[in-house]
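Student: Please take a close look at one helix in this model. I would like its side chains described one by one.

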Amino acid sequence: MKPSSKPSEGKRFILSSVTFIFFLCALASINEIRFESLFKLGRCALSNAPLPLNSSSEMSTLAPNSSSDDIRILIGILTLPDQYHRRHFLRLIYGTQTPVGAQVDVKFVFCNLTKEDQKVLVALEIMRYDDIIILNCKENMNNGKTYTFFSSLPEIFNSSDRPYPPYHYVMKGDDDTYLRLDKLVESLRPLPREDLYYGYVIPCPSMDPFVHYMSGMGYLVSWDIAEWIRESEIPKNHLEGPEDKVFGEWLRDGHRAKNRFNAKWSMYNYPEPPTRCTHELWPDTIAVHLLKNQEKWIHTLKYFNVTTNLKPSKLYHIP
């Protein structure tokens with residue numbers, strides 16, 4: 001009787017299995033080395049690639065579903081270099097608004113820095129938020145600051161690598177004005193995008209935008225008027241005086257702003273103390289002016305329920 005071949009066959013099977021396992025391990029090691037090399041190469045390439053244009057922390061309320069055809073608005077809030085707390089507060093106010101179908105960029109505007117601490121603190125703000133315009137002027141209210149703001153815009157923003165005009169509208173606002181951006185955008189949709197002058201008509205009882213001028217709480221013009229201000233001699237020769245009144249006189253003397261829109265009473269002064277320029281808070285509000293203290297701001301923000309989109313979380317409890 002021949003001896004059984006089963007033990008030798010078992011040994012061959014075990015040896016073949018071990019050999020196959022070693023082959024798989026070797027193959028996996030080679031692929032791991034190749035994958036790691038490709039991963040490092042890709043990571044290196046990404047670190048050297050330019051950041052996308054919207055990677056800046058600039059305070060832009062560009063709606064997620066907006067397109068290049070949407071309204072583009074620049075809001076310049078004229079303020080002072082030392083108003084750090086006010087700027088941070090306003091960043092909360094405007095950074096939490098997302099108007100649909102529009103790009104609204106909010107910038108804080110002031111003249112040249114004059115103190116050593118400003119040079120450090122304002123520089124840090126710019127590095128973090130990129131929402132400040134420093135004009136080449138001496139700080140003032142009614143001696144040409146508004147002119148310097150509007151006349152500087154074409155040089156700052158006109159560029160071959162961005163749409164023209166860079167903004168359809170430019171608004172000058174005060175830092176004690178609360179703007180509701182969705183209502184502002186909604187009111188602008190049916191309006192012309194050229195030769196437009198928009199705001200709250202002064203004097204307060206008037207409803208005719210062609211008689212006098214728009215209040216400095218927040219007035220808006222189309223981009224072509226900003227370019228005209230830069231090129232025309234009329235504004236250059238008339239800088240002194242109440243800035244909103246002087247602005248209206250430029251347009252009158254230059255025969256500009258044939259399209260005008262009176263946003264009264266969607267724009268108004270805070271209701272207390274009552275005057276001919278005040279109005280009660282109401283749902284169709286675009287702007288509330290003269291919010292001179294925290295109490296008035298909180299009352300206004302509570303009325304418009306600005307925290308309604310606060311998401312529930314285990315991290316906090318706000319009754």
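Tutor: Start with Glu125, which is buried at a relative accessible area of 4%. Buried means under 20% relative accessible area, exposed means over 50%, and partly exposed lies in between (1.4 Å probe, protein chains only). This is a predicted model: local features need pLDDT of at least 70, side-chain atom pairs count only at pLDDT 80 or more, and totals for chains, interfaces and linings use all residues. Residues are numbered from 1 along each chain as its sequence is written, and side-chain values use heavy atoms, with hydrogens and water left out.

Glu125 lies in helix 3. Helices are DSSP runs (H or I, at least four residues), numbered from the N terminus. The side chains of Glu125 and Arg87 are joined by a polar contact of 2.7 Å. Such a contact is a pair of N or O atoms within 3.5 Å; within protein, one must be able to donate a hydrogen and the other to accept it, and residues adjacent in sequence count only if both atoms are side-chain atoms. Leaving aside residues up to four places away in sequence, Glu125 touches Tyr84, Arg87, His88, Arg91, Asp130 and Ile132. Contact here means heavy atoms within 4.5 Å.

Now Leu121. Helix 3 spans residues 116-129 and holds Leu121. Leu121 counts as partly exposed because its relative accessibility is 37%. With Val120, Leu124 and Met127, Leu121 forms a nonpolar patch on the surface. Together the four have about 410 Å² of accessible area. Like charges are joined within 9 Å, nonpolar side chains (Val, Leu, Ile, Met, Phe, Trp, Tyr) within 5 Å. Accessible areas come from the Shrake-Rupley method with a 1.4 Å probe; for residues, only the protein chains shown count as cover.

How values were computed: Patches are made of residues with over 30% relative accessible area and no salt bridge: like charges are joined within 9 Å, nonpolar side chains (Val, Leu, Ile, Met, Phe, Trp, Tyr) within 5 Å. A salt bridge is a side-chain nitrogen of Lys or Arg within 4 Å of a carboxyl oxygen of Asp or Glu. Helices (H or I, at least four residues) and strands (E, at least two) are DSSP runs, numbered from the N terminus.
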